[in-house]
Amino acid sequence: MHIPRQWRTRDQRLSLMGEVCPKCGVKLFPPRDVCPECSGPAKEPFALSGRGAVYSYSTVYHAPEGYESYVPYTVALVRLEEGPMVTAQLTDVDKEQVAIGMPVEMVTRKIAEDGEDGAILYGYKFRPALEAGAAC
Amino acid sequence: MRQVSIIGIGQTKVDEHWDKSFRDLGVDAVLAAIQDAGSPPVEALYLGNMLAGQLTGQEHTAALVADYAGYRGIEALRVEAACAAGSSAFRVGYMAVASGLIDVAVVVGVEKMTDMLGNEVTAALASAADADYEVMHGVSFVALNALLMRRYMYEHQVERAAFANFAINAHRNAMNNPNAMFHAPLTEAAFGKARMIADPVSLLDSAPICDGAAAAVICPTARAREFSAHPVHVRASAVATDSLALHDRKDLLFLQAGRLSAQKAYAQAGAGPEDMDLFELHDAFTIMSALSLEAAGFAPRGQGVRLAQEGEIFLGGRIPISTMGGLKGRGHPVGATGMYQIVELAQQLRGEAGKNQVDCRLGMAQNIGGSGGTIITHIFESAD
């Protein structure tokens, strides 16, 4: 990912910064400024907790260019406890132990490298929740 | 609004065409369709393509193909909607002719994928998804379909083997299509043992990377008999959209854009799913076949896979699908696929499908962009 794009998305990648709709209260991630529920403006920042549960998952054996050295890795849809769903990799877990419904929490990890001279891309991944009762 | 008909069709074989370039493929299909239509006065060319910029380093493809086909000077535009590029170009051609602005147009879908390495093509295909919030995490396009398939299997309590007949049917039908990429039957045992690309999606759940081009010539129905002894009438043309990202869907396991475009198409045609004699759906992955059957109203939610298990999707079944091999057996040159679906429906409705001929009057095609962000439905009727 090129440096200006990395910079633009830093609050989302590093702290799950989303938005909340002031009219209908729905939490949004990623931010989109227009509420998909009521079509009104939704520009109020809202940081998500990073706690959620695995909604679906897949272990990738054939990676796109730039991700080949990480295979096999497991990607998931994670339903956050505030409502939004995010796509992310799972980490700190054996692929055989992943299950739908598994409680997870956000951590910051390296996602990819942009060649020898490029910037390292950091962002959110999810690991099995360390605290009991983190599921939603 | 004028009624519109297809008066000519053409296609290249779907294959790894080492000896043919992007423009060669496009020109071959365009000239074949124009010849089939009896060389009418073509005023415009609409080209569907997804990946020429990324895989060939060539944008501006519509003017290029028009020029090389001998039509320098005419109106020529490219239309893009990821894997739905082919039928999005047909939609634009349909609007041009129906509106009265253009009388005779040629629509072509072209894709050249095999000049690049597999991981480069995988990265290019992923650009159909949300670049900042899906692709950034190393999610391939196969993995997005795997997320759908895993959740479908979980919610509807079905095993992976339940999807086998989607792939087996496609390969069986491709056997009799000389333009198909694969001419080898597929067994249930082979499907069961296939290696995983992104589990639970295996190699044999997935359509292949390949090259191809398919084209159709269209004109007002009132003039169709001037050019063709067996025109095929467009009865419906409808596009609908959904979120690009799977994680933004309200209901992950329902293709809302498939339902919306099918409903619009049924209303235009004054028909319903029960009136369709065949359905060329977007079987890029077996899970997409199940979801497409459900969204278009051929099966209740969670029951799309049953139509495969019970053989209702076979040539003699209640709703034959992928009748010339589909994306899995004929091949999936992504931006050309929508036009292959339409050309094959025209073959069926003209009675030119050979051993795979379905007794048909009405047929439907549904072309899916990305994981369902754009879904385009067309319905065609035989003139005979």
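Author: In chain B, that gives domain 1 (4-116 + 209-232) and domain 2 (118-204 + 234-382). Before we dig in, this is a predicted model, so local features need pLDDT of at least 70 and side-chain atom pairs count only at pLDDT 80 or more, while totals for chains, interfaces and linings use all residues. Residues are numbered from 1 along each chain as its sequence is written, and chains are lettered from A and ligands numbered from 1 in the order in which they are written.

Let's stay with chain B and look at how its two domains meet. Their C-alpha centres lie 22 Å apart. Where they touch, 42 residues of domain 1 of chain B are in contact with 42 residues of domain 2 of chain B (contact means that the C-beta atoms, placed from the backbone, lie within 7 Å).

Which pieces of domain 1 do the touching? Strand S1 (4-11), helix H2 (52-56), helix H4 (85-99), strand S4 (105-111) and strand S7 (212-220) of chain B each give two or more residues to the side facing domain 2 of chain B. Those labels are DSSP runs numbered from the N terminus: helices are H or I with at least four residues, strands are E with at least two. On that side, H4(B) gives the most, with seven residues. Sorted by class, this side of domain 1 of chain B has 26 nonpolar, eleven polar and five charged residues. Here Ala, Val, Leu, Ile, Met, Phe, Trp, Tyr, Cys and Pro count as nonpolar, Asp, Glu, Lys and Arg as charged, and the others, Gly among them, as polar.

(Axes are lines fitted to C-alpha atoms, for helices over the stretch in contact, and angles run from 0 to 180 degrees between N-to-C directions.) From H4(B), the contact uses B:Ala85, B:Gly86, B:Ser87 and B:Phe90. H14(B) brings B:Gly335, B:Ala336, B:Thr337, B:Gly338, B:Met339, B:Gln341 and B:Ile342. By class, this contact between H4(B) and H14(B) has five nonpolar, six polar and no charged residues.

Now for the strands. Nine of them form an open sheet in the order S3-S2-S4-S7-S1-S8-S11-S10-S9 (chain B), with mixed pairing; two strands pair if DSSP finds at least two bridges between them. At the edges stand strand S3 (75-79) and strand S9 (278-280) of chain B, each pairing on one side only. On average, neighbouring strands are turned by 25 degrees against each other, direction ignored. Inside this sheet, S4(B) and S7(B) pair in the antiparallel sense over seven bridges, and B:Glu111 stands opposite B:Gly212 in S7(B). Helix H1 (residues 22-36) of chain B packs on the sheet, where it touches S1, strand S2 (44-48), S4 and S7 of chain B. The direction of H1(B) makes about 35 degrees with that of S7(B).

A residue is called buried if 20 or more other C-beta atoms lie within 10 Å of its own, exposed if 12 or fewer, and partly exposed in between, with C-beta atoms placed from the backbone. Among the buried residues of H11(B) are B:Thr286, B:Met288 and B:Glu294. The cover over them includes helix H6 (141-156), helix H7 (164-174), helix H10 (256-269), helix H12 (304-309) and strand S10 (362-369) of chain B. After H11(B) comes B:Gly297, whose phi is positive, near 90 degrees.

Stepping back, chain B has 14 helices and eleven strands. Buried residues make up 64% of its 384 residues. Among contacts in chain B with a separation of 6 or more, 78% come from residues 24 or more positions apart. Its C-alpha trace spans about 55 × 45 × 40 Å along the principal axes. The radius of gyration, taken over C-alpha atoms, can be compared with a globule rule of 2.2 Å times the number of residues to the power 0.38. For 384 residues, a compact globule would come out near 21 Å, and the 19 Å of chain B agrees.

Definitions and conventions:
Domains from an automatic or database assignment.
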